[in-house]
Amino acid sequence: MTTLTGDQPEYFNPVSAPDFLMKEQLQRLQLQKLKRIVKRAYDNVELTRNRMNETDIKPDDIKSLSDISKLPFTYKADLRDSYPYGLFASPMKDIVRLHASSGTTGKPTVVAYTQCDINVWANVMQRTFASCGVHAGDIVQNSYGYGLFTGGLGAHYGAEALGATVIPVSGGNTDRQLMIMQDFSVNALCSTPSYFMHMVDRAQQQGIDLKALPLRIGIFGAEPWSEPMRAHCEAAANMKAYDIYGLSEIIGPGVGSECRNQKGLHIFEDHFYPEIIDPETGEVLPEGEEGELVLTTLSKDAMPMIRYRTRDITNIITEPCSCGRTLRRINRIGRRSDDMLVIRGVNLFPSQIEAALLKVENTQPHYQIILTKEKGLDQLEIEVELTAEMFSDQVSKIEQVQKQITHAIETTIGISARIRLVEPNSIARSEGKAQRVIDRREK
Ligand code: DLL
(Lines give C-alpha, C1' and ligand atoms only; values in the text may rest on other atoms or scores of the structure.)
Protein backbone atom coordinates (compact mmCIF):
# COMPACT_ATOMS: atom_id res chain seq x y z
CA MET A 1 0.00 0.00 0.00
CA THR A 2 1.20 3.47 -0.84
CA THR A 3 0.76 6.08 1.80
CA LEU A 4 -0.39 9.50 0.72
CA THR A 5 0.33 11.95 3.47
CA GLY A 6 -0.38 15.15 1.61
CA ASP A 7 3.10 16.44 2.43
CA GLN A 8 4.64 15.59 -0.95
CA PRO A 9 3.73 17.07 -4.33
CA GLU A 10 0.92 15.05 -5.87
CA TYR A 11 2.99 13.70 -8.78
CA PHE A 12 5.38 12.23 -6.22
CA ASN A 13 2.82 9.67 -5.16
CA PRO A 14 3.29 6.48 -7.17
CA VAL A 15 -0.46 5.86 -7.05
CA SER A 16 -1.23 9.13 -8.79
CA ALA A 17 1.71 8.82 -11.22
CA PRO A 18 -0.49 7.84 -14.21
CA ASP A 19 -2.32 11.18 -13.74
CA PHE A 20 0.90 12.96 -14.74
CA LEU A 21 2.08 10.92 -17.76
CA MET A 22 3.42 12.78 -20.78
CA LYS A 23 0.83 12.96 -23.54
CA GLU A 24 2.81 10.72 -25.93
CA GLN A 25 3.35 8.12 -23.23
CA LEU A 26 -0.34 8.12 -22.37
CA GLN A 27 -1.40 7.81 -25.99
CA ARG A 28 0.99 4.94 -26.59
CA LEU A 29 -0.47 3.14 -23.60
CA GLN A 30 -4.03 3.89 -24.70
CA LEU A 31 -3.44 2.52 -28.20
CA GLN A 32 -1.86 -0.65 -26.86
CA LYS A 33 -4.79 -1.18 -24.51
CA LEU A 34 -7.40 -0.26 -27.11
CA LYS A 35 -6.09 -2.90 -29.52
CA ARG A 36 -6.21 -5.51 -26.78
CA ILE A 37 -9.70 -4.68 -25.54
CA VAL A 38 -11.22 -4.51 -29.03
CA LYS A 39 -9.79 -7.94 -29.79
CA ARG A 40 -11.05 -9.27 -26.47
CA ALA A 41 -14.57 -7.95 -27.12
CA TYR A 42 -14.54 -9.24 -30.71
CA ASP A 43 -13.39 -12.70 -29.68
CA ASN A 44 -15.70 -13.08 -26.69
CA VAL A 45 -18.81 -10.93 -27.05
CA GLU A 46 -21.22 -11.99 -29.78
CA LEU A 47 -22.98 -8.64 -30.00
CA THR A 48 -19.74 -6.70 -30.53
CA ARG A 49 -18.47 -9.24 -33.04
CA ASN A 50 -21.71 -9.11 -35.05
CA ARG A 51 -21.79 -5.32 -35.04
CA MET A 52 -18.15 -5.09 -36.12
CA ASN A 53 -18.73 -7.65 -38.88
CA GLU A 54 -21.77 -5.68 -40.08
CA THR A 55 -19.63 -2.57 -40.48
CA ASP A 56 -16.79 -4.62 -41.89
CA ILE A 57 -14.22 -3.71 -39.29
CA LYS A 58 -11.84 -6.17 -37.69
CA PRO A 59 -9.68 -5.75 -34.55
CA ASP A 60 -6.57 -5.49 -36.77
CA ASP A 61 -8.01 -2.34 -38.39
CA ILE A 62 -7.29 -0.41 -35.18
CA LYS A 63 -3.91 1.09 -35.97
CA SER A 64 -4.20 4.52 -34.34
CA LEU A 65 -6.33 6.05 -31.58
CA SER A 66 -8.45 7.92 -34.10
CA ASP A 67 -9.46 4.57 -35.64
CA ILE A 68 -11.73 4.20 -32.62
CA SER A 69 -14.34 6.23 -34.51
CA LYS A 70 -14.70 3.32 -36.96
CA LEU A 71 -16.04 1.07 -34.21
CA PRO A 72 -19.78 0.64 -33.62
CA PHE A 73 -21.41 2.15 -30.51
CA THR A 74 -22.74 0.22 -27.52
CA TYR A 75 -26.03 1.37 -25.96
CA LYS A 76 -27.79 0.96 -22.64
CA ALA A 77 -30.45 -1.05 -24.51
CA ASP A 78 -27.76 -3.60 -25.43
CA LEU A 79 -27.28 -4.38 -21.74
CA ARG A 80 -31.02 -4.81 -21.29
CA ASP A 81 -31.36 -6.95 -24.41
CA SER A 82 -28.55 -9.26 -23.34
CA TYR A 83 -29.75 -9.45 -19.72
CA PRO A 84 -28.25 -10.75 -17.54
CA TYR A 85 -24.91 -12.18 -18.79
CA GLY A 86 -24.88 -11.71 -22.57
CA LEU A 87 -22.11 -9.07 -22.77
CA PHE A 88 -19.61 -10.84 -20.53
CA ALA A 89 -16.19 -11.49 -22.07
CA SER A 90 -14.97 -13.68 -19.22
CA PRO A 91 -16.20 -17.10 -18.12
CA MET A 92 -18.35 -17.01 -14.96
CA LYS A 93 -15.58 -18.71 -12.97
CA ASP A 94 -13.47 -15.54 -13.40
CA ILE A 95 -16.22 -13.14 -12.40
CA VAL A 96 -15.93 -12.16 -8.76
CA ARG A 97 -18.60 -9.44 -8.53
CA LEU A 98 -21.87 -8.34 -10.09
CA HIS A 99 -23.55 -4.97 -9.68
CA ALA A 100 -26.74 -3.73 -11.26
CA SER A 101 -28.44 -0.43 -11.85
CA SER A 102 -32.17 -0.17 -11.63
CA GLY A 103 -33.78 0.88 -14.85
CA THR A 104 -36.91 2.99 -15.03
CA THR A 105 -38.71 0.05 -16.55
CA GLY A 106 -38.51 -3.64 -15.73
CA LYS A 107 -35.20 -5.42 -15.41
CA PRO A 108 -31.99 -3.83 -14.18
CA THR A 109 -28.81 -3.71 -16.21
CA VAL A 110 -26.13 -6.04 -14.90
CA VAL A 111 -22.39 -5.34 -14.86
CA ALA A 112 -19.52 -7.72 -14.03
CA TYR A 113 -15.97 -7.55 -12.66
CA THR A 114 -13.02 -9.92 -12.60
CA GLN A 115 -10.51 -9.57 -9.75
CA CYS A 116 -8.35 -7.48 -12.13
CA ASP A 117 -11.31 -5.18 -12.78
CA ILE A 118 -11.87 -4.76 -9.04
CA ASN A 119 -8.19 -3.83 -8.67
CA VAL A 120 -8.47 -1.23 -11.44
CA TRP A 121 -11.59 0.14 -9.78
CA ALA A 122 -9.86 0.45 -6.40
CA ASN A 123 -6.96 2.19 -8.17
CA VAL A 124 -9.07 4.81 -9.94
CA MET A 125 -11.06 5.47 -6.77
CA GLN A 126 -7.84 5.76 -4.78
CA ARG A 127 -6.67 8.35 -7.33
CA THR A 128 -10.07 10.05 -7.02
CA PHE A 129 -9.67 10.44 -3.27
CA ALA A 130 -6.08 11.63 -3.65
CA SER A 131 -7.17 14.16 -6.26
CA CYS A 132 -9.80 15.53 -3.84
CA GLY A 133 -7.16 15.96 -1.12
CA VAL A 134 -7.98 12.93 1.05
CA HIS A 135 -4.90 11.40 2.72
CA ALA A 136 -3.90 8.20 4.46
CA GLY A 137 -5.10 8.47 8.03
CA ASP A 138 -8.20 10.50 7.16
CA ILE A 139 -11.53 9.23 8.39
CA VAL A 140 -13.97 8.74 5.54
CA GLN A 141 -17.70 8.39 6.11
CA ASN A 142 -19.08 6.54 3.12
CA SER A 143 -22.76 7.39 2.78
CA TYR A 144 -23.13 6.13 -0.78
CA GLY A 145 -25.49 3.17 -0.83
CA TYR A 146 -23.87 -0.25 -0.44
CA GLY A 147 -25.42 -3.01 -2.49
CA LEU A 148 -26.12 -3.35 -6.17
CA PHE A 149 -25.45 0.39 -6.62
CA THR A 150 -21.75 0.90 -7.35
CA GLY A 151 -21.30 4.01 -5.18
CA GLY A 152 -20.82 2.31 -1.81
CA LEU A 153 -18.36 -0.45 -2.63
CA GLY A 154 -16.53 1.63 -5.24
CA ALA A 155 -15.72 4.39 -2.76
CA HIS A 156 -15.04 1.83 -0.04
CA TYR A 157 -12.26 -0.02 -1.85
CA GLY A 158 -10.66 3.22 -3.04
CA ALA A 159 -10.56 4.80 0.41
CA GLU A 160 -9.13 1.62 1.93
CA ALA A 161 -6.48 1.38 -0.79
CA LEU A 162 -5.47 4.95 0.00
CA GLY A 163 -4.91 4.04 3.62
CA ALA A 164 -7.85 6.01 4.97
CA THR A 165 -10.21 4.68 7.63
CA VAL A 166 -13.57 3.91 6.03
CA ILE A 167 -16.86 3.99 7.89
CA PRO A 168 -19.22 1.94 5.71
CA VAL A 169 -22.42 3.57 6.94
CA SER A 170 -24.24 3.48 3.55
CA GLY A 171 -27.21 5.77 2.86
CA GLY A 172 -30.12 6.51 5.18
CA ASN A 173 -30.76 6.95 8.90
CA THR A 174 -29.71 10.57 8.86
CA ASP A 175 -29.61 11.02 12.62
CA ARG A 176 -27.15 8.17 12.92
CA GLN A 177 -25.09 9.68 10.07
CA LEU A 178 -24.83 12.93 12.03
CA MET A 179 -23.93 11.16 15.24
CA ILE A 180 -21.12 9.30 13.46
CA MET A 181 -19.92 12.45 11.76
CA GLN A 182 -19.49 14.12 15.14
CA ASP A 183 -18.35 11.24 17.33
CA PHE A 184 -15.89 9.66 14.87
CA SER A 185 -14.19 12.96 13.88
CA VAL A 186 -14.97 12.42 10.20
CA ASN A 187 -12.71 14.30 7.73
CA ALA A 188 -14.29 13.35 4.42
CA LEU A 189 -17.84 12.45 3.45
CA CYS A 190 -18.99 10.55 0.36
CA SER A 191 -22.64 10.97 -0.67
CA THR A 192 -24.89 12.33 -3.33
CA PRO A 193 -25.05 16.14 -3.08
CA SER A 194 -28.81 16.00 -2.52
CA TYR A 195 -28.43 13.60 0.39
CA PHE A 196 -25.77 15.85 1.88
CA MET A 197 -28.20 18.79 1.72
CA HIS A 198 -30.65 16.65 3.65
CA MET A 199 -27.99 16.01 6.28
CA VAL A 200 -27.36 19.76 6.47
CA ASP A 201 -31.06 20.41 7.14
CA ARG A 202 -31.31 17.75 9.76
CA ALA A 203 -28.16 19.04 11.47
CA GLN A 204 -29.68 22.49 11.59
CA GLN A 205 -32.88 21.15 13.14
CA GLN A 206 -30.84 19.40 15.80
CA GLY A 207 -28.63 22.40 16.50
CA ILE A 208 -25.49 20.64 15.22
CA ASP A 209 -22.96 23.07 13.79
CA LEU A 210 -21.32 21.20 10.88
CA LYS A 211 -18.86 24.07 10.47
CA ALA A 212 -17.35 23.28 13.85
CA LEU A 213 -16.59 19.64 12.90
CA PRO A 214 -13.29 18.36 11.43
CA LEU A 215 -15.09 17.61 8.14
CA ARG A 216 -12.86 19.04 5.35
CA ILE A 217 -13.94 17.36 2.15
CA GLY A 218 -17.16 16.26 0.44
CA ILE A 219 -16.86 13.72 -2.39
CA PHE A 220 -20.10 14.19 -4.21
CA GLY A 221 -21.49 12.67 -7.36
CA ALA A 222 -23.92 10.21 -8.95
CA GLU A 223 -26.34 12.99 -9.97
CA PRO A 224 -26.17 16.41 -11.60
CA TRP A 225 -25.55 19.34 -9.29
CA SER A 226 -24.78 22.97 -9.94
CA GLU A 227 -22.11 25.50 -8.96
CA PRO A 228 -24.55 27.35 -6.63
CA MET A 229 -25.27 23.99 -4.97
CA ARG A 230 -21.54 23.53 -4.43
CA ALA A 231 -21.36 26.95 -2.76
CA HIS A 232 -24.28 25.89 -0.55
CA CYS A 233 -22.61 22.63 0.52
CA GLU A 234 -19.24 24.27 1.15
CA ALA A 235 -20.69 27.11 3.22
CA ALA A 236 -22.92 24.79 5.26
CA ALA A 237 -20.01 22.71 6.54
CA ASN A 238 -16.98 24.91 5.93
CA MET A 239 -15.45 22.34 3.62
CA LYS A 240 -14.47 21.76 0.01
CA ALA A 241 -17.00 19.90 -2.14
CA TYR A 242 -15.65 17.94 -5.11
CA ASP A 243 -17.49 16.47 -8.05
CA ILE A 244 -16.82 12.85 -9.00
CA TYR A 245 -18.28 11.06 -11.98
CA GLY A 246 -18.88 7.55 -13.13
CA LEU A 247 -21.43 5.03 -14.32
CA SER A 248 -21.97 1.37 -13.62
CA GLU A 249 -21.68 0.29 -17.25
CA ILE A 250 -18.11 1.64 -17.35
CA ILE A 251 -16.98 0.75 -13.81
CA GLY A 252 -19.00 2.77 -11.27
CA PRO A 253 -17.59 5.91 -9.61
CA GLY A 254 -13.96 6.48 -10.61
CA VAL A 255 -14.30 7.47 -14.26
CA GLY A 256 -13.40 11.06 -13.51
CA SER A 257 -12.76 13.40 -10.63
CA GLU A 258 -12.13 17.03 -9.89
CA CYS A 259 -8.78 18.09 -8.48
CA ARG A 260 -8.01 20.88 -6.02
CA ASN A 261 -8.81 23.47 -8.72
CA GLN A 262 -12.47 22.38 -8.96
CA LYS A 263 -12.51 23.33 -12.62
CA GLY A 264 -13.65 20.27 -14.52
CA LEU A 265 -13.18 16.55 -13.92
CA HIS A 266 -10.02 14.74 -15.01
CA ILE A 267 -10.89 11.50 -16.79
CA PHE A 268 -8.72 8.55 -15.79
CA GLU A 269 -7.73 8.17 -19.41
CA ASP A 270 -5.35 5.30 -18.92
CA HIS A 271 -8.47 3.19 -18.25
CA PHE A 272 -11.33 5.04 -19.99
CA TYR A 273 -11.08 6.63 -23.43
CA PRO A 274 -13.40 9.63 -23.87
CA GLU A 275 -14.92 10.99 -27.07
CA ILE A 276 -17.53 13.69 -27.56
CA ILE A 277 -20.04 13.08 -30.31
CA ASP A 278 -23.03 14.78 -31.81
CA PRO A 279 -25.88 12.79 -30.20
CA GLU A 280 -28.01 13.12 -33.35
CA THR A 281 -25.52 12.13 -36.04
CA GLY A 282 -22.99 10.11 -34.01
CA GLU A 283 -20.12 12.13 -35.54
CA VAL A 284 -17.08 12.83 -33.35
CA LEU A 285 -16.98 16.56 -32.54
CA PRO A 286 -13.84 18.70 -32.52
CA GLU A 287 -12.21 18.86 -29.09
CA GLY A 288 -13.86 21.51 -26.91
CA GLU A 289 -17.34 21.29 -28.43
CA GLU A 290 -20.25 20.20 -26.31
CA GLY A 291 -21.94 16.90 -27.05
CA GLU A 292 -22.55 13.40 -25.72
CA LEU A 293 -19.76 11.69 -23.84
CA VAL A 294 -18.85 8.29 -25.27
CA LEU A 295 -16.54 6.08 -23.23
CA THR A 296 -14.49 3.01 -24.11
CA THR A 297 -13.12 0.90 -21.28
CA LEU A 298 -9.44 0.22 -21.97
CA SER A 299 -8.88 -2.25 -19.14
CA LYS A 300 -12.16 -3.90 -18.25
CA ASP A 301 -11.91 -7.65 -18.80
CA ALA A 302 -15.25 -9.02 -17.61
CA MET A 303 -17.36 -6.63 -19.64
CA PRO A 304 -15.49 -4.45 -22.12
CA MET A 305 -17.55 -1.49 -23.28
CA ILE A 306 -16.71 -0.27 -26.74
CA ARG A 307 -17.86 3.31 -27.44
CA TYR A 308 -20.58 3.30 -24.80
CA ARG A 309 -23.18 6.03 -25.32
CA THR A 310 -23.45 7.58 -21.84
CA ARG A 311 -26.17 10.12 -22.81
CA ASP A 312 -24.31 12.56 -20.53
CA ILE A 313 -23.72 15.95 -22.11
CA THR A 314 -20.42 17.75 -21.58
CA ASN A 315 -17.33 18.99 -23.40
CA ILE A 316 -13.61 18.33 -23.14
CA ILE A 317 -11.68 21.24 -21.66
CA THR A 318 -8.75 21.91 -23.90
CA GLU A 319 -6.51 23.99 -21.61
CA PRO A 320 -4.03 22.18 -19.37
CA CYS A 321 -4.84 22.16 -15.65
CA SER A 322 -2.54 23.96 -13.25
CA CYS A 323 -2.62 20.96 -10.87
CA GLY A 324 -0.17 19.34 -13.30
CA ARG A 325 -2.36 16.38 -14.24
CA THR A 326 -2.08 15.70 -17.93
CA LEU A 327 -5.36 13.78 -17.99
CA ARG A 328 -7.95 15.64 -20.02
CA ARG A 329 -10.86 17.23 -18.18
CA ILE A 330 -14.56 17.34 -18.92
CA ASN A 331 -16.91 20.02 -17.68
CA ARG A 332 -19.33 19.01 -14.95
CA ILE A 333 -22.31 17.09 -16.27
CA GLY A 334 -25.36 19.25 -15.92
CA ARG A 335 -27.66 17.21 -18.06
CA ARG A 336 -28.30 14.06 -20.02
CA SER A 337 -29.54 13.99 -23.57
CA ASP A 338 -32.54 12.03 -22.28
CA ASP A 339 -33.55 14.25 -19.35
CA MET A 340 -34.42 17.22 -21.52
CA LEU A 341 -37.90 18.51 -20.79
CA VAL A 342 -39.84 20.02 -23.61
CA ILE A 343 -42.36 22.45 -22.19
CA ARG A 344 -44.52 24.38 -24.59
CA GLY A 345 -41.84 23.84 -27.19
CA VAL A 346 -39.05 25.18 -25.01
CA ASN A 347 -36.22 22.77 -24.19
CA LEU A 348 -34.94 22.88 -20.68
CA PHE A 349 -33.02 20.77 -18.19
CA PRO A 350 -33.73 20.34 -14.47
CA SER A 351 -30.24 21.66 -13.67
CA GLN A 352 -31.11 25.04 -15.22
CA ILE A 353 -34.02 25.32 -12.83
CA GLU A 354 -31.77 24.48 -9.88
CA ALA A 355 -29.24 27.13 -10.88
CA ALA A 356 -31.99 29.77 -11.28
CA LEU A 357 -33.59 28.92 -7.95
CA LEU A 358 -30.38 29.10 -6.00
CA LYS A 359 -29.69 32.59 -7.29
CA VAL A 360 -32.47 33.79 -5.02
CA GLU A 361 -31.18 34.49 -1.55
CA ASN A 362 -32.29 32.14 1.22
CA THR A 363 -33.72 29.45 -1.06
CA GLN A 364 -32.81 25.88 -0.30
CA PRO A 365 -31.99 23.33 -2.97
CA HIS A 366 -35.09 21.31 -2.08
CA TYR A 367 -37.38 21.47 -5.04
CA GLN A 368 -39.45 19.35 -7.34
CA ILE A 369 -40.54 19.99 -10.90
CA ILE A 370 -44.09 18.94 -11.68
CA LEU A 371 -45.36 18.82 -15.24
CA THR A 372 -49.04 18.65 -16.05
CA LYS A 373 -51.30 19.40 -18.99
CA GLU A 374 -54.18 21.84 -18.78
CA LYS A 375 -56.46 22.25 -21.76
CA GLY A 376 -53.82 20.64 -23.91
CA LEU A 377 -51.12 23.04 -22.75
CA ASP A 378 -48.02 22.03 -20.76
CA GLN A 379 -47.87 23.53 -17.29
CA LEU A 380 -44.68 23.83 -15.31
CA GLU A 381 -44.99 23.96 -11.56
CA ILE A 382 -42.03 24.15 -9.26
CA GLU A 383 -42.44 23.32 -5.61
CA VAL A 384 -39.80 25.00 -3.50
CA GLU A 385 -39.37 24.50 0.19
CA LEU A 386 -39.27 27.47 2.51
CA THR A 387 -36.68 27.53 5.24
CA ALA A 388 -37.99 27.26 8.80
CA GLU A 389 -37.24 30.97 9.42
CA MET A 390 -39.01 32.07 6.25
CA PHE A 391 -41.98 29.89 7.11
CA SER A 392 -42.59 31.94 10.24
CA ASP A 393 -42.13 35.25 8.38
CA GLN A 394 -44.88 37.64 7.38
CA VAL A 395 -46.98 36.78 4.35
CA SER A 396 -45.67 39.83 2.50
CA LYS A 397 -42.10 38.56 2.82
CA ILE A 398 -43.07 35.14 1.53
CA GLU A 399 -44.85 36.72 -1.40
CA GLN A 400 -41.72 38.67 -2.18
CA VAL A 401 -39.64 35.47 -2.29
CA GLN A 402 -42.23 33.90 -4.55
CA LYS A 403 -41.97 36.84 -6.93
CA GLN A 404 -38.17 36.71 -6.91
CA ILE A 405 -38.16 33.01 -7.77
CA THR A 406 -40.76 33.47 -10.51
CA HIS A 407 -38.64 36.24 -11.98
CA ALA A 408 -35.41 34.24 -11.73
CA ILE A 409 -36.98 31.26 -13.52
CA GLU A 410 -38.54 33.38 -16.22
CA THR A 411 -35.37 35.31 -16.98
CA THR A 412 -33.14 32.23 -16.91
CA ILE A 413 -35.17 29.71 -18.87
CA GLY A 414 -37.52 31.99 -20.72
CA ILE A 415 -40.85 30.44 -19.76
CA SER A 416 -43.23 31.14 -16.95
CA ALA A 417 -43.64 28.68 -14.14
CA ARG A 418 -46.08 28.43 -11.27
CA ILE A 419 -44.03 28.59 -8.09
CA ARG A 420 -45.52 26.90 -5.07
CA LEU A 421 -43.72 27.54 -1.80
CA VAL A 422 -44.19 24.61 0.49
CA GLU A 423 -43.52 23.87 4.16
CA PRO A 424 -40.03 22.91 5.28
CA ASN A 425 -39.42 19.16 4.93
CA SER A 426 -42.50 18.50 2.85
CA ILE A 427 -40.64 17.37 -0.28
CA ALA A 428 -39.59 13.73 -0.08
CA ARG A 429 -35.85 13.34 0.61
CA SER A 430 -33.73 10.79 -1.15
CA GLU A 431 -30.87 8.88 0.41
CA GLY A 432 -29.33 8.41 -3.01
CA LYS A 433 -30.16 10.13 -6.26
CA ALA A 434 -32.85 12.79 -5.95
CA GLN A 435 -35.98 12.53 -8.09
CA ARG A 436 -36.45 16.08 -9.32
CA VAL A 437 -39.07 15.68 -12.02
CA ILE A 438 -42.62 14.34 -11.80
CA ASP A 439 -44.17 14.24 -15.24
CA ARG A 440 -47.96 13.89 -15.03
CA ARG A 441 -48.55 14.73 -18.67
CA GLU A 442 -50.14 11.96 -20.68
CA LYS A 443 -47.66 10.39 -22.98
O1 DLL B 1 -24.03 6.93 -10.25
C2 DLL B 1 -21.85 5.89 -10.15
C3 DLL B 1 -21.42 6.91 -9.15
C4 DLL B 1 -21.53 6.63 -7.80
C5 DLL B 1 -20.85 8.10 -9.57
C6 DLL B 1 -21.09 7.56 -6.87
C7 DLL B 1 -20.39 9.03 -8.65
C8 DLL B 1 -20.51 8.75 -7.31
P9 DLL B 1 -25.08 4.86 -12.15
O10 DLL B 1 -26.06 4.61 -11.05
O11 DLL B 1 -24.91 3.84 -13.19
O12 DLL B 1 -23.65 5.07 -11.54
O13 DLL B 1 -25.49 6.25 -12.80
C14 DLL B 1 -24.70 6.83 -13.80
O15 DLL B 1 -25.36 9.05 -13.10
O16 DLL B 1 -24.54 8.42 -16.52
C17 DLL B 1 -24.80 10.32 -15.00
O18 DLL B 1 -25.98 10.60 -15.73
C19 DLL B 1 -25.10 10.38 -13.50
N20 DLL B 1 -23.92 10.89 -12.78
C21 DLL B 1 -22.97 10.21 -12.14
N22 DLL B 1 -22.07 11.05 -11.58
C23 DLL B 1 -22.46 12.31 -11.90
C24 DLL B 1 -21.97 13.62 -11.66
C25 DLL B 1 -23.29 6.05 -10.62
N26 DLL B 1 -20.88 13.84 -10.92
C27 DLL B 1 -25.27 8.16 -14.23
N28 DLL B 1 -22.65 14.67 -12.19
C29 DLL B 1 -24.38 8.89 -15.20
C30 DLL B 1 -23.75 14.48 -12.93
C31 DLL B 1 -23.65 12.20 -12.69
N32 DLL B 1 -24.28 13.28 -13.19
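This is a predicted model: local features need pLDDT of at least 70, side-chain atom pairs count only at pLDDT 80 or more; totals for chains, interfaces and linings use all residues.
Let me start with the helices. The axes of helix α4, residues 115-131, and helix α5, residues 150-162, come within 7 Å and cross at roughly 75°; since angles of 65 to 115 degrees count as roughly perpendicular, that makes α4 roughly perpendicular to α5. On the α4 side, the residues that meet α5 are Ile118, Trp121, Ala122, Met125, Gln126, Phe129 and Ala130, and on the α5 side their partners are Thr150, Gly154, Ala155, Tyr157, Gly158, Ala159, Ala161 and Leu162. Sorted by class, this contact between α4 and α5 has 11 nonpolar residues and four polar ones, with no charged residues.

Now to the sheet. Four strands form an open sheet in the order β20-β19-β18-β21, and the pairing is mixed. At the edges are β20, residues 418-422, and β21, residues 437-439, each of which pairs on one side only. On average, and ignoring direction, neighbouring strands of this sheet are turned by 20° against each other. Strand β19, residues 377-385, runs parallel to β20 and is joined to β20 by five bridges, and in β20 it is Arg418 that stands opposite Glu381.

Finally, two helices lie across strands of this sheet. Helix α9, residues 350-357, lies across β18 (367-374), β19 and β21, and runs at about 120° to β18. Helix α11, residues 395-413, lies across β19 and β20, running at about 140° to β20.

Methods:
Residues are numbered from 1 along each chain as its sequence is written. Side-chain values use heavy atoms; hydrogens and water are left out. Axes are lines fitted to C-alpha atoms, for helices over the stretch in contact, and angles run from 0 to 180 degrees between N-to-C directions. Angles under 35 degrees count as roughly parallel, over 145 as roughly antiparallel, 65 to 115 as roughly perpendicular and the rest as oblique. Contact means heavy atoms within 4.5 Å. Ala, Val, Leu, Ile, Met, Phe, Trp, Tyr, Cys and Pro count as nonpolar, Asp, Glu, Lys and Arg as charged, and the others, Gly among them, as polar. Two strands pair if DSSP finds at least two bridges between them.
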